[in-house]
Amino acid sequence: MALRGPPDDRSPTELLSFGVVNLDKPPGPSSHQVSGWLRDAVADSLERADAETSIDRAAHAGTLDPKVTGCLPVMLGDATRLAQAFLEGQKEYVAVLETHAPVPSDVESVIEEFEGPIYQKPPRKSAVSRRLRVRELYDLEVLETADRQVLLRIRCESGTYVRKLCHDIGLALGTGGHMGHLRRTATEPFDDGTLCTAEEFVDALAFWLEDDDPEPLFELVGPGERILEDIPSVVIADSAAREVAEGAPVYAPGVLEVPDADRGSLVACYTRNGAAVCLGTLVGDATSKTGTVVELERVLV
């Protein structure tokens, strides 16, 4: 079977079949609706281009409520298999805390106490089990205060409920409080420095199809490998990659380079040209001559 070529050398069709768009989600539609719009736009464009391939899937990284805006990476085609990688990354938000009385003078010292591990129970409307769980707040900063508003920057573990956090901070301040506007500014490895709107993405598709100019598309769509930048990498031989495509794990003889990572870590395997082959768990020692080094979790070829 043919393996993918180097990420930087892919055609528009190849990119759209295994790519990611760092979308600036607007207020109003759900994350699912936005992903569906991009999927349909790409599928229609590939059909109009008489491409030999199409896509029937798109997935977003970390659901944003309809009113929430900001960083929503959308995975296209086979890149949807990489959704698991986003569970490892941190998130960053800018939120407005609406207090129910004037903001007290000790607001910063009170909020500092929330940094570190906190207990949270998912809200009733969430899609997960409402069990008490621990989430890490890596950084919690007061950017600005007004009479009854606090502008917060929040760097946190994936799965943190900012609405619940604002409620709890309001209780600690003694004023009560709730979340006002919320914008996600980062979901690793993406941040708000490379965001694009849905309109810009559709325009880039039109430039490719109607003007034979793929450059705007190359600027907005990254190869699927972009999602894996913060995950330890294993380089394997092409022969091993072809075995992985048939469902085999990565055996020691096929490993060319291994990361400095603990056993049990999530790793991404690549061919020598930088094309992603699979996600897996590091289970063995690559310096040995035999045995399994990586157990498969997601095959990407």
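Here are some friendly questions and answers about how the features of this predicted model get their labels.

Q: What makes up the secondary structure of the protein chain?
A: The protein chain comes to seven helices and 16 strands. Its C-alpha trace spans about 65 × 55 × 30 Å along the principal axes. Of its 301 residues, 47% count as buried. Among contacts between residues at least 6 apart in sequence, 67% join residues at least 24 apart.

Q: How do you know that the charged end of arginine 4 sits over the ring of phenylalanine 18?
A: The charged end of arginine 4 is 3.7 Å from the centre of that ring. The cut-off on distance is 6 Å, with CZ of Arg also within 35 degrees of the ring normal. The 3.7 Å value is within that 6 Å limit, and the pair is listed as a charge over a ring.

Q: Where does arginine 4 lie, and what is it in contact with?
A: Arginine 4 lies in the segment before α1 (12-17). Leaving aside neighbours within four places in sequence, its contacts include Arg10, Phe18, Asp78, Asn273 and Leu300.

Q: Which arginine lies over the face of phenylalanine 190?
A: That is arginine 226, at 4.5 Å from the ring centre. Again the distance limit is 6 Å, so 4.5 Å is within it.

Q: How do you know that cysteine 71 is in no disulfide?
A: A search of the whole structure finds zero disulfides. For cysteine 71, the nearest cysteine sulfur is that of cysteine 196, 11 Å away.

Q: What about cysteine 156?
A: The nearest cysteine sulfur to cysteine 156 is that of cysteine 166, 11 Å away, so by the 2.5 Å limit cysteine 156 is in no disulfide.

Q: Why are cysteine 71 and cysteine 156 called buried?
A: Buried means under 20% relative accessible area. Cysteine 71 has 0% and cysteine 156 has 1%, so both are called buried.

Q: Why is arginine 155 called buried?
A: Its relative accessibility is 17%, and because the limit is under 20%, arginine 155 counts as buried. The place of arginine 155 is in strand β7. A polar contact of 3.1 Å joins its side chain to that of glutamine 90; that value is within the 3.5 Å limit.

Q: Why is aspartate 238 called partly exposed?
A: Its relative accessible area is 30%, which lies between the 20% and 50% limits, so aspartate 238 is partly exposed. Aspartate 238 is found in helix α7 (residues 238-245). Beyond its neighbours within four places in sequence, aspartate 238 is in contact with Leu3 and Thr271.

Q: How do you know that the span of α4 is close to the expected one?
A: Helix α4 (residues 162-173) has 12 residues and reaches 16 Å from its first C-alpha to its last; the expected span at 1.5 Å a residue is 16 Å. Its buried residues include Val162, Leu165, Cys166 and Ile169. What covers the buried residues of α4 includes β4 (90-99), α3 (107-112) and β8 (177-187). After α4 comes glycine 174, with a positive phi near 85°.

Q: What makes the span of α2 close to the expected one?
A: α2 has 18 residues and reaches 26 Å, against 26 Å expected at 1.5 Å a residue. Among its buried residues are Val34, Leu38, Val42 and Leu46. The buried residues of α2 pack against α1, β1, β2 (58-60), β3 (69-77) and α5 (198-211). α2 is followed by aspartate 50, whose phi is positive, near 55°.

Terms used:
Residues numbered from 1 in each chain as written. Predicted model: local features only at pLDDT ≥ 70, side-chain atom pairs only at ≥ 80, totals over all residues. Heavy atoms only, no water. Helix = DSSP H or I, 4+ residues; strand = E, 2+ residues; numbered from the N terminus. Contact = heavy atoms within 4.5 Å. Buried < 20%, exposed > 50% of the residue type's maximum accessible area, 1.4 Å probe, protein only. Expected span 1.5 Å × (residues − 1). Polar contact = N/O pair within 3.5 Å; in protein donor to acceptor, adjacent residues only side chain to side chain.
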